[in-house]
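User: I would like to go through the labels attached to this structure and see what each one rests on. Please set the values against the cut-offs.

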Amino acid sequence: MPFGNTHNNFKLNYKVEEEYPDLSKHNNHMAKVLTKEIYGKLRDKQTPSGYTVDDVIQTGVDNPGHPFIMTVGCVAGDEESYEVFKDLLDPVICDRHGGYKPTDKHKTDLNFENLKGGDDLDPNYVLSSRVRTGRSIKGFTLPPHNSRGERRLIEKLSVEALTSLDGEFKGKYYPLKSMTDAEQEQLIADHFLFDKPVSPLLTCAGMARDWPDARGIWHNDNKTFLVWVNEEDHLRVISMQKGGNMREVFRRFCVGLGKIEEIFKKHNHGFMWNEHLGYILTCPSNLGTGLRGGVHVKLPKLSTHPKFEEILTRLRLQKRGTGGVDTASVGGVFDISNADRLGSSEVEQVQLVVDGVKLMVEMEKKLEKGEAIDSMIPSQK
Amino acid sequence: MANSFTRMMSGRNTAVMLASVGAGALASGYLLSDMTAAAERRRAYPPSADFPDLRKHNNCMASALTPTIYARLRDKTTPNNWTIDQCIQTGVDNPGHPFIKTVGMVAGDEESYEVFAELFNPVIKDRHNGYDPRTMKHPTDLDASKISSGMFDERYVLSSRVRTGRSIRGLSLPPACTRSERREVERVVVTALSGLKGDLSGRYYSLIDMTDKEQQQLIDEHFLFDKPVSPLLTAAGMARDWPDARGIWHNNEKNFLIWINEEDHTRIISMEKGGNMKRVFERFCRGLKQVEQLIQERGWEFMWNERLGYILTCPSNLGTGLRAGVHIRLPFLSRDPRFKKILENLRLQKRGTGGVDTAASGDTVDISNLDRLGKSEVELVQLVIDGVNYLIECEKRLERGQDIKIPSPIPQFRK
């Protein structure tokens, strides 16, 4: 669904310089990459569903960014965006994903048995474990672009698939539109409910259109497996539980995803995936595995150690506050998760989290005893 | 309408240009002129699949849009490829408030009002008290000499202001314009304004190049407009590419001011402290006429037609686009239970002193005309003058302990 000027052909009557956005005050991946030449090459193109380069970059034009935080600054409107606008998106992907080349191949491995350990993280420190990813359904355009009709069909298919699950995955769907107050309170208390996006990064990309039409939350009766429908991606799949048994969280994640994918495939709507970019999602930062596996872990001493940032970087991990992205930590508790998404598999990324967190908890214990941790500092993974 | 497009296309061989930039197009990419892909998509989803859920909505668009109208309009586009979905997006995303009925749709270009007339007409009728664009004509009258008794008692009236908007024909409106079109609006208007002389001569401050000092000055003078944060505007795409090609022009005397590329191509404001509304309106008309002349010299004109008057982004501003008002102190009257009814019958509205959707500060309120379409500029300003004089009379009477009367309602449209 185009918004703004996307199909306004009058722009083609103007020279490229006239139409090229002013990115002089911008700090995001799109602004770094988009030259006038690239813009000129792409501006008259559209994907089969009608997505244009102006659609792709609008969020990055409207959100100049912050000197310290490098956002992506562009989104895909459909699977083909990554092809039609390669000249822009390949360099953005390369920049964002540590030098990933247009010729590189991405490995997908959702075989949870390949994970070593992960069931013995000390629950005195690791308060909760969680793995999330996103999935896009083939044959539909993505949240920045889809029409109400498409979004509703995505919801319908998703709900059909999810309500057919049983055993540990038996659950219920709560559409945002018809949620009762009691249901809403409960979902908020469980930390499950997602809100209408207010971040201008998302709203400028058109992802909040028609809210709350066709948006909802599904979760299993055990409240350990959760799916968001039509938020920033078609599906966001989350497996979580209290304590440090990441292995179990990952097992449930893989099994659940597998079951869901099977059902979609039966309806000829598999997930968007290719061997170069892995799973296709709205934001280029989530390509590959789209996986963020993490824990809430108490690291009051380690987090104030001068080498904390370096340790995280070497372990290929990142820290966030306990409210998620762009929040601060509370009481020395951090959200620690994998930094990479593209170029390594799901098992590899979760392995890094498991091994890295195990090491950091040991470091924390040492610091509690007043001992030094210099000998434990890892080499770059 | 034809002349606006020949203007854009003259001297340019569009086909050749598209072919040359199209060289090297990837197999999966289509050129923008190819609409077969979009047509395929439409066939896959009938209009009923896309019809918005408006059950919790309270705006003029939601009241008027039926599945039948939507089905007829969904697959139409204006010459700029603007669609009905784009017109109504702001109304879908902003359900509104039970007490405040917003319009809920915008135009992307002049042609929107034609191509989507089937929805715009009932919305216009709803918003403008029964004005029927199919049968009625809107009068335009910018002859300030016709105004009588336009000098208010300055013990009550603190300031006087008249504003309107103008759109440049041939360029898309803020929800739909591309960066190049928006920059063109800026160029056309700023060039014209630089031709103003005498008490109207002034200068332009582009939002991009503004210094901190200039910014502070403009804020202090209550001239500076901000990036829109209201979801009514952002959901309509009006804040895109901010602050590119946005700016403020004002004359050296600081009583004639123009906003460029905010919610409309231009917003023109004449204001001054005190109660000399006649002078404010006189300068308003004079300035508008001169600006129009200056753009016409270069082959441009304002969007206007005799059904809808001046064409602006929001249907609520059609006709005159004019809001004439005062900041006035009415300590007794504003507390009188009959105040609301008096205003209603006088076709006036009150706002807080921060403008629309703000609260009044102390005893000072902003009083202005309710109507925009169906009455001329002169009629509306006279209506405000007469109405405000009546309010001052009421205030004086209440001061003296005398009773006041609710005036009989002003008729809606000239027969």
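This is a predicted model: local features need pLDDT of at least 70, side-chain atom pairs count only at pLDDT 80 or more; totals for chains, interfaces and linings use all residues.

User: How many aromatic pairs does a search of the whole structure find?

Analyst: The search gives 14 aromatic pairs over all chains.

User: Why is the pair A:Phe194 and A:Trp211 called edge-to-face?

Analyst: The ring centres are 5.9 Å apart, and pairing requires them to lie within 6.5 Å. The planes stand at 85°, and an angle over 60 degrees counts as edge-to-face, so the pair takes that label.

User: Where in chain A do the two partners lie?

Analyst: A:Phe194 is in the loop between helix H8 (181–189) and helix H9 (200–203), while A:Trp211 is in the loop between H9 and strand S4 (216–220). They are 17 residues apart, and the pair links distant parts of the chain. Both A:Phe194 and A:Trp211 are buried.

User: Why are A:Phe250 and A:Phe253 separated by about one helical turn?

Analyst: The two residues are three residues apart in helix H10 (residues 246–266) of chain A, which means a separation of about one helical turn.

User: How do you know whether A:Phe250 and A:Phe253 are buried or exposed?

Analyst: Buried means under 20% relative accessible area. A:Phe250 has 0%, so it is buried. A:Phe253 has 1%, so it is buried.

User: Which residues do ring pairs link into a cluster?

Analyst: The cluster consists of A:Phe169, A:Trp218 and A:Phe225.

User: What sits over the ring of A:Tyr279, and what over the ring of B:Tyr310?

Analyst: Over A:Tyr279 it is the charged end of A:Arg135, 3.4 Å from the ring centre. Over B:Tyr310 it is the charged end of B:Arg166, at 3.4 Å from the centre. The distance limit for this label is 6 Å.

User: Why does A:Ser239 count as buried?

Analyst: The relative accessibility of A:Ser239 is 0%, and the cut-off is under 20%, so the residue is buried. A:Ser239 belongs to strand S6 (residues 235–242) of chain A.

User: What does the side chain of A:Ser239 reach?

Analyst: It reaches the backbone oxygen of A:Val249 at 2.8 Å. Leaving aside neighbours within four places in sequence, the contacts of A:Ser239 include A:Arg130, A:Thr224, A:Phe225 and A:Phe253.

User: What joins the side chains of A:Arg251 and A:Glu168?

Analyst: A polar contact of 3.0 Å joins them, and the limit for such a contact is 3.5 Å. A:Arg251 is placed in helix H10 of chain A. Not counting residues up to four places away in sequence, A:Arg251 touches A:Phe112 and A:Glu168.

User: Why is B:Arg183 called buried?

Analyst: The relative accessible area of B:Arg183 is 13%, under the 20% cut-off, so the residue counts as buried. B:Arg183 lies in helix H10 of chain B. Residues that B:Arg183 touches, not counting those up to four places away in sequence, include A:Glu17, A:Tyr20, A:Asp22 and B:Asp244.

User: Which residues have the most contacts inside the largest nonpolar core?

Analyst: They are B:Met277, B:Phe281, B:Ile328, B:Ile367 and B:Leu391, in a core of 60 residues. Elements of chain B that each supply at least two residues include strand S2 (157–166), helix H13 (277–297) and helix H15 (377–399). H15(B) gives the largest share, 11 residues. Apart from this core lies another of 58 residues, among them A:Leu162, A:Phe253, A:Phe264 and A:Leu312.

User: How many helices and strands are there in chain B?

Analyst: Chain B has 15 helices and 11 strands. Of its 415 residues, 56% count as buried.

User: Which residues of chain A does the UniProt annotation "domain: Phosphagen kinase N-terminal" cover?

Analyst: According to the unreviewed UniProt entry, the annotation covers residues 11–98 of chain A. Over that stretch the chain is 47% helix and 2% strand, with the end C-alpha atoms 35 Å apart.

Key:
Residues are numbered from 1 along each chain as its sequence is written. Chains are lettered from A and ligands numbered from 1 in the order in which they are written. Side-chain values use heavy atoms; hydrogens and water are left out. Rings of Phe, Tyr and Trp (its six-membered ring) pair if their centres lie within 6.5 Å; planes under 30 degrees apart count as stacked, over 60 as edge-to-face and the rest as tilted. Helices (H or I, at least four residues) and strands (E, at least two) are DSSP runs, numbered from the N terminus. Buried means under 20% relative accessible area, exposed over 50%, partly exposed in between (1.4 Å probe, protein chains only). A charge sits over a ring if NZ of Lys or CZ of Arg is within 6 Å of the ring centre and within 35 degrees of the ring normal. UniProt positions are given in the numbering used here, feature names are shortened, and annotations may be inferred rather than shown by experiment. A polar contact is a pair of N or O atoms within 3.5 Å; within protein, one must be able to donate a hydrogen and the other to accept it, and residues adjacent in sequence count only if both atoms are side-chain atoms. Contact means heavy atoms within 4.5 Å. A nonpolar core is a set of buried Ala, Val, Leu, Ile, Met, Phe, Trp, Tyr and Cys residues joined through side-chain atoms within 4.5 Å.
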